[in-house]
Structure formats: structure tokens, C-alpha cells
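This report goes through a few parts of one protein structure, section by section. Keep the sequence and the 3D view at hand while reading.

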Amino acid sequence: MERRYFLTLAAAGASSALALTPLSLSAFVSARQTQITAGKTRLNIAGDGQPDTDLWLYNQSCPGPMLRYRKGDILRAAVRNNLDVPTTIHWHGIRNLNEMDGVPDLTQAPIEPGETFDYEFPLKDSGTYWYHAHNMGWEQVARGLYGPLVIDDDDDPPVDHDICLMIDDWRLDNDGQIHQASLGSLHDWSHAGRLGNWLTINGLSAPSFQVKQKARIRLRMINAANARVMTMQLDDAQATLVALDGAVCQPEQINKIVLAPAQRADVILDMDRGTLKLSEVSTGEPYPAGTINVDPALGVSSLTKAAVNLPAPPKLPSLKKVRRIPIHMQGGAMGNLQSALFEGKEKSLRELAQQHKKLWAFNGAVGDYREIMAEIELNSLVSIDVYNDTAWPHAMHLHGHHFWVLSDDPTVALPSGQRDTWLMQPQQRISLVFRADNPGLWLFHCHMLEHAAAGMGVVLSIN
Ligand code: C2O
Ligand code: CU
């Protein structure tokens, strides 16, 4: 079949406060109850004339249904599992109640086949988020279990069109099916993760979006890929970056943006042209991702195009009293890890790989979703000081909190606001600083989902 292939495998390689007492739900508006069913569905994602693909989806839709709320709402979702394997949903980026965070065997029991779990939690922040399976995420997300979660705010800058772009790279075989042999491949797990060869936005190959003439549009880009770090190019347009990972940033003019797995970027731009091409350019060869087209039948925008006004991002508090948690990331291919602690025993990397599929470690120990790395006092200021001692980039995500990113390396471009996922380049050292104001057991892990499964994840306990 004719398909534009990404350069796979080697390409992305080494060269490369609200009130803090337990929240009372009564302060929030109760929105409708949403039904979400995880199940198997055959759907066309491989393009016109291509066979349908066997997928695992929410509500038979790719991506899952758009969950759209207002800040201050309560999200209520009854999640039914129609798969043959256990699952859960994690609400990525939400400062959630711990028991609603969706981490199997840590914050809840897995939802067994045929069972339903009711999620219910307040939405304290506006912005662009997403939800995805968190049990064997490396397989379940790769098969399609994810969807967008957008929370509106009365103060959002007015736009004519608000367009969510959920970007994924699928690994398809020649029959247009999910490539099986690579699911669980030790090679992928020890290198960049499982990279795909077929790009979709909202489950479609190079879709087009119709907008008014002279429209002001907001694009909410979400990287839902297992492992690919995307670079999205917005033609030569001047777009205003307004949020990263759901959180407001200092407005900045950009025309391309790097998105690691799980990261989001919101931009606002004015259509001063008939067509705007979106491409993914991380391999050096632009891959057409989609287009925005003016459709005269939709009329002309009547919005005044004033400069976008945003509230200031929250200020970093003084670091005089900060709890430091140093984490050295180790392991993987071309790394210098010889052995690591696993289930109480020091084991060679070769034994870890061949017998346990573990390949990565933090501070000499293979990470584990059941192991508490640090006990943190509620409301303290914490700095996770991360050293990437591996040959690979890693998208480090903290559950339940957003963090500031600091570095004493002047070559690192730091975000102006907070984030929930940070792309660590090889050899980079960085501090992820956050107020530990959300009690519970929170994961800190790599969002290259194969790396997470192979040892790049630990638990922080806050209470
Ligand atoms: Cu979106 Cu634990 O991750
Ligand atoms: Cu990683």
C-alpha cells in the first residue's frame, strides 16, 4: 500500500492552590454525566481506499469523544470496560483528586472486563488536557485509547474557531493494521520507544478544517503518540503561543513548536491567507499533517484583532526553603548502566532486560509504580533535580501538579509558565519545581510509554 513513511527507529535516536484541604465537591457545578466505553472497533484511519484498522477506542471514536467543560464544573464519567483486558483512565494534567487519577494498583483497582468505574472530580483549571488509558499504556494508547479534554474559561481570549488537533503516529503494517511484532519489542523499549509510520490528526490523514474569512482561530495541539517527539510547523504564519500543557504562558510569536509525547500547546492566529498548511517536520522532511482553509460560505470574521491579552503565569516562589529530590536517569541502549536494583536484588542490565523487560533506572534502581521514592510534606516546595544520564530524550511527567522548569544551563530554553511534562534532552540537567499541595500518591514517569513500562517511573507520596 502507498503510504508516506516516517523515518522510523534510528531517526529519533541518540544523535540526537486553590484551598488545599480536601476539596469539597459542593463548590463546583455538577455537569452532565458522561458515558465512556472502552472497546474494540474497526475504523478507517489509514486513508481513502485503505482497509479499516482494528482499534481499541473510547465510544468507537478516534480519538475518543471530546470532553468539554467549563472551569468550576465537575467531570462525571462512567467508564465501562468492554475490552478483554483490565484498563483505567488517567486525566492527564488535571490537578486531580488522588483516587480519581487512574493509576491501576496505585490509586484504584484496574477496571476489569465488563466492569464500570465512576470517575468524579472538580475541574479547577481551564486549558487543554487529555485522557488516556493507564494500564499497559504502551499498548492501550498505541491501539487508540485516548481523547481530548478541554476546559473553557470565561476569560479565554475570543476567537472565531477553537480547533483541537490530536496528533498521533501509528505503527501500521502493510495491511493497515496495528503492527503487532513491535508491541513490546525490546529494541524499541531500550531505544526511543515505539515510533509510528502513519500520522493522523483527530484520526484522519491530513484533514482540513474550514474557517471564516479573516478568522481568528485557536489551535489546541496535543501529542498523543507513544514516543515520537513531534515538531509542528504552522507554515510561515505568526501564531501567538498562549498555553503549554494547559497552563498559561507569556504570549510569544512562533511558527513551529516541539511537542513531546503528552505535551500540549495552544496558539491563537489570524487567518491572513486562504490556506494554512500544518506539517510535522521532526525528521527534516515535512510530513503533511493537515490544512486550515478559508471557506467564504462561512462569512467574514467580525472580531477585532487586538493583541491577545493573557493573565500572567504564576510566579516562582523563593527557593530558600526547598526540598530537593535528585534523580539520575540511567539505562537504555548506549547508556553506561551495568546493573541496577530490582525487587531488592542487584541485577545486571542484561538479566533485567532478558528476564524482566526492565531497561531503565532512577538512582541505580529500576523504577516501579508501587515503590515510593520520596515522602513529601503537604504544601512544601519541592525541586525534582533531574539529570538525564542516558543517550535518549525523555518526556518527564508529574501527575497531579504543574511545575516550573529551572536550569543553570543557559543553553536550555525554559518555558515562561508552568508545565506538566518536560522533554529532557540527553545529558540535560534541570529542576522541576512545584508546590506539593495535592495530597496522595503521584507518579513521576517518562511519557515515552515504553520507557515507563521498562522502569522509568516512581511514586512520590505527599501528605
Ligand atoms: Cu499521561 Cu502517567 O500519564
Ligand atoms: Cu523516556
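## Strand 7 and its partners

Strand 5 (residues 89-92) pairs with strand 7 through four bridges, in the antiparallel sense. The model shown here is predicted. Within this pairing, I89 stands opposite A133 of strand 7.

Strand 7 also runs antiparallel to strand 8 (residues 146-152), and six bridges join the two. Here Y129 stands opposite L149, which belongs to strand 8. How much of strand 7 is covered? Strand 7, residues 127-133, is mostly covered, with seven of its seven residues buried.

Strand 13 (residues 230-234) and strand 16 run antiparallel and are joined by four bridges. One residue pair to find in the view is T231 and its bridge partner V258 in strand 16.

## The copper site

Which residues coordinate the copper ion (ligand 2)? The ion is held by H394 through ND1, C446 through SG and H451 through ND1, at 2.0 to 2.1 Å. Along the chain, the donors of this copper ion follow the spacing H-x51-C-x4-H. The pair H394 and H451 links distant parts of the chain, 57 residues apart. H394 lies in strand 26 (residues 394-398), whereas H451 lies in helix 4 (residues 449-453).

Are the coordinating residues buried or exposed? Both H394 and H451 are buried. C446 has 0% relative accessibility; buried means under 20%, so C446 counts as buried too.

## Cysteines and disulfides

A disulfide is a covalent bond between the sulfur atoms of two cysteines. How many disulfides does the structure hold? The number is zero.

C249 is an example of a cysteine in no disulfide. Its nearest cysteine sulfur is that of C164, 17 Å away. For a pair to count as a disulfide, the sulfur atoms must be within 2.5 Å. C249 has 1% relative accessibility, and therefore counts as buried.

Technical notes. Residues numbered from 1 in each chain as written. Chains lettered and ligands numbered in written order. Predicted model: local features only at pLDDT ≥ 70, side-chain atom pairs only at ≥ 80, totals over all residues. Heavy atoms only, no water. Donors = N, O, S within 2.8 Å, 3.2 Å for Na, K, Ca; no water. Buried < 20%, exposed > 50% of the residue type's maximum accessible area, 1.4 Å probe, protein only. Pairing = 2+ DSSP bridges.
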